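Q: Hey, I've just opened this one and could use a quick tour. Can you walk me through it?

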Amino acid sequence: MNQQPTTAHWTAEDEATLLDTIDAWVERSVRPIAREYDQEDKYPHELVEEMKELGLFGATISPEYGGLGLSASTYAKIVTKVASVWMAPSGIFNSHLIMAAAIERCGTEDQKRRYLPRMAAGELRGGLGLTEPNAGTDLQAIRTVARRDGDHYVINGAKTWITNSLHGSAILLLVKTDPEAQPRHKGMSMFIAEKGEGFIVAKKMKKLGYRAIDTCELVFQDYRLPADCLLGGEEGRGFQHAVGGLELGRINIAARGAGIAEGALRMAVRYAQERKTFGKPICEHQAIQLKLGEMAARVEAAKLLVESAARAYDTGQRCDMEAGMAKYFATETGVFCAQEAMRIFGGYSYSTEYEIERFYRDAMLMCIGEGTNEMQRIIIAKQLVERNRI
Ligand SMILES: Cc1cc2nc3c(=O)[nH]c(=O)nc-3n(C[C@H](O)[C@H](O)[C@H](O)COP(=O)(O)OP(=O)(O)OC[C@H]3O[C@@H](n4cnc5c(N)ncnc54)[C@H](O)[C@@H]3O)c2cc1C
């Protein structure tokens, strides 16, 4: 059973009002700046302030800790809406909420009271610090080490590809507290790591897509943390804490993939009616109709898979297979629709005047983050066999 945060009672009417508010915000504030901020790789500080007002930094945090207590289903719809216009800003609250969910699921009561209200208000903004230069999929191979020193830990090592680490103020940091432990996962722990001396943002990375959002290399040099920052207060549980949050993380990424797919389809449907060749709009050529038909069917299927995984998560069912299917299919659909839309736009797809090229650049990341799509299919297959043992 998942031990997800308490969800507040949101009626269908409340949900519709909330989604309308998000729609209006996306049109008013996100769409107009997307192209410029993406191209200039400029951080959208003003969106962060508006996200605070909308309550997005506390979207899935329980009301008792100051959050909105949204279900995964409602939250996924918000993410899809944002990503259908510009995927990158969803990362500002997505990674932050995965960190918050881990604290709520695995933290001590003191940690929940200390961090979650500040996170819900957006005063403390964070992300996840798992990946290292030598270890992404194989997380148990990380080398960052935390050694106990009285009532502190001293941390040394490096992380890479960490989203929200320049403009955010904290990360949930995966380390080895016992590098010699066998099996390796027994020597892993997580820390709630606020920025301080020895927590060094070494370099902002230049990226193909997902621009405007800060993704950095971090170095930890004799970085000292009080022992009460150890998530859950017990060493050796970090790997379980990290993988325990993956279902929600994958639903998030799936929702982003579905959003990219839906946005690309929307643009393609419009352009196919505007652009004429051989005396008629290209949407009247069968080759284009085949593309639009295929895209539309896959978008609908992706959204349904996201919804079904989110519903399973909300009811507390084990849903690693469902989340894996949603993540795999919806993100591949994002890539598929972005590519097909590029073809429909013809030469103009290559112009930065038309925003479809951004969807094309952003889509591929969704197939890599939060467990690559190769790993998703392996997880699906393993669960399939597990659930159908003969
Ligand atoms: C823009 C961006 C933002 C990111 N943000 C964050 C963040 O905020 N926090 C964070 O911790 N990380 C973040 N990441 C890192 C991301 O999670 C990793 O890139 C991802 O987990 C893959 O790890 P890797 O790059 O080391 O690839 P590798 O693990 O080296 O994998 C390389 C290839 O081998 C395949 N492979 C590996 N092992 C197996 C296996 N057992 N079976 C079959 N195939 C296998 C993979 O599927 C992949 O195709 C981010 C990455 C990017 C690009």
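What follows is a chat about the domains, the ligand, the helix packing and a few backbone details.

Q: What kind of model is this, and how do the residue numbers work?
A: It's a predicted model: local features need pLDDT of at least 70, side-chain atom pairs count only at pLDDT 80 or more, and totals for chains, interfaces and linings use all residues. Residues are numbered from 1 along each chain as its sequence is written.

Q: OK, which domains is the protein divided into?
A: Domain 1 (12-125), domain 2 (127-237) and domain 3 (242-385). Those bounds come from an automatic or database domain assignment.

Q: Where does the ligand lie?
A: Between domain 2 and domain 3, because both give residues to the shell around the ligand.

Q: Which residues come nearest to the ligand?
A: Leu130, Gly136, Thr137, Thr163 and Thr372, out of 21 residues around the ligand. A residue is near a molecule or strand if its C-beta atom, placed from the backbone, lies within 6 Å of it.

Q: And which elements give two or more residues to that shell?
A: Strand 1 (126-129), strand 3 (152-163), helix 11 (365-368) and helix 12 (373-387). Helices (H or I, at least four residues) and strands (E, at least two) are DSSP runs, numbered from the N terminus.

Q: What separation do the centres of domain 1 and domain 3 have?
A: 21 Å, taken over C-alpha atoms.

Q: So how do helix 3 and helix 7 cross?
A: Their axes come within 7 Å and cross at roughly 40 degrees. Axes are lines fitted to C-alpha atoms, for helices over the stretch in contact, and angles run from 0 to 180 degrees between N-to-C directions. The crossing is right-handed; a crossing is left-handed if the near helix is turned anticlockwise from the far one by less than a right angle, and right-handed if clockwise. Residues in this contact include Ala76 and Val79 of helix 3 and Ala255 and Gly259 of helix 7.

Q: Are helix 7 and helix 9 roughly parallel or antiparallel?
A: Helix 7 (residues 246-274) and helix 9 (residues 320-345) pack at an angle of about 25 degrees, with their axes 7 Å apart, so they're roughly parallel to each other. Angles under 35 degrees count as roughly parallel, over 145 as roughly antiparallel, 65 to 115 as roughly perpendicular and the rest as oblique. Helix 7 passes helix 9 in a left-handed crossing.

Q: And helix 7 with helix 10?
A: Helix 10 covers residues 356-363, and the two axes come within 10 Å, crossing at roughly 155 degrees. They're therefore roughly antiparallel to each other. Ile260, Gly263, Ala264 and Met267 in helix 7 meet Ile356, Phe359, Asp362 and Ala363 in helix 10.

Q: Last topic: which peptide bond is cis?
A: The one from Gln182 to Pro183, with omega near -10 degrees. Pro183 lies in the loop between strand 4 (170-176) and strand 5 (188-194).

Q: What about the backbone at Trp161?
A: Trp161 is in strand 3, and its phi is near 60 degrees, a positive value in a residue other than glycine.

Key. Contact = placed C-beta atoms within 7 Å.
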